[in-house]
Amino acid sequence: MIRMDVQSTLSSAWYIFESNRSIFWYGIKTTLYLALLGTVLGLCIGLILGGIRAIKIEPNDNVFVKTIKKVLRAFVSIYVWFFRGTPMMVQAMFFYYGLKPIIGWTASVAGIAIISINTGAYMCEIVRSGIQSVDKGQIEGARSLGMTNIQTMIYIVLPQAIRNSFPSIGNEFIVNIKDSSMLNVIGVVELFFQTTSVAGTMGLFTETFLVTCVIYLLLTSVATFILTFVEKKMNMPKTSFPSSQSVPKKAGN
């Protein structure tokens, strides 16, 4: 009896997927678009905020410079504290409906903005940790060559910080694939939104959400595989010469 129920559920789930393939595909494209764009924009925000948070107040700074640095660091701290301490779903409701009379933005634009600024708060901490992992000797070497703090940060520190933080950055992309479902509360037509529409129309909630579970699992699994592959490529030692093991030996040697 249980076996028949499982077979019936799987058959119904496959039928739902086949008959609503275009609807699910639209939701998949929107979900990937939100996750990818939100991660990229969030990384840009995180780079700026992480760089600000990593700036140290030097003893030889004048009062004006010290004040500016303190204000910026305080702003970043409040930003991170707020967006890491509140759910994205609540942020979506608050900013979308609160700013809609002023900005007049659509749900899709608001969704991209919300997922980006939310990701930026987490990226800020990731970038800050990546900056702290860079050897201080390289920073001192850059300054000894006459580079300013900003030049050192852009050309020396941040590239290495991004490389060191790549696993965490990739993890944020995977998290955004799943967390984009929260944006359905403001009417963003992503995968979860499409699933609820199909389930409500057909009246088969268990089977429909089984389809969506499999889709999310496939999306995150493929993303994990690609990110792991890229991470291994980034960690490979770079050399312009072949290793001694790969050089063919001459006959008689």
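A polar contact, as the term is used on this tour, is a pair of N or O atoms within 3.5 Å; within protein, one atom must be able to donate a hydrogen and the other to accept it, and residues adjacent in sequence count only if both atoms are side-chain atoms. The model on screen is predicted, with local features needing pLDDT of at least 70, side-chain atom pairs counting only at pLDDT 80 or more, and totals for chains, interfaces and linings using all residues. Residues are numbered from 1 along each chain as its sequence is written, and side-chain values use heavy atoms, with hydrogens and water left out.

Select T119 to begin, in helix α5 (residues 107-133), where helices are DSSP runs of H or I with at least four residues, numbered from the N terminus. Its side chain makes a polar contact with the side chain of N176 at 3.1 Å. T119 has a relative accessible area of 0% and is therefore buried (buried is under 20%, exposed over 50%, partly exposed in between, with a 1.4 Å probe and protein chains only). Leaving aside neighbours within four places in sequence, T119 is in contact (heavy atoms within 4.5 Å) with G38, T39, G42, E172 and N176.

Which residue meets the side chain of E125 in a salt bridge of 2.4 Å, N to O? The partner is R53, where a salt bridge is a side-chain nitrogen of Lys or Arg within 4 Å of a carboxyl oxygen of Asp or Glu. This pair links distant parts of the chain, since R53 belongs to helix α2 (residues 21-54) and stands 72 residues from E125. R84 also forms a salt bridge with E125, the closest N and O atoms being 3.9 Å apart. R84 lies in helix α3 (residues 63-85), so this pair ties together parts that are 41 residues apart in sequence. Salt bridges that share partners join R53, R84, E125 and R128 into one network.

Next, select S181, in the loop between α8 (166-179) and α9 (191-202). The side chain of S181 reaches the backbone oxygen of K178 at 2.7 Å, and, not counting residues up to four places away in sequence, S181 touches E190, F192 and Y216.

Finally, follow Y216 into helix α10 (residues 205-235), where Y216 is one of the buried residues. L218, also in α10, counts as exposed because its relative accessibility is 53%.

Technical notes: Helices (H or I, at least four residues) and strands (E, at least two) are DSSP runs, numbered from the N terminus.
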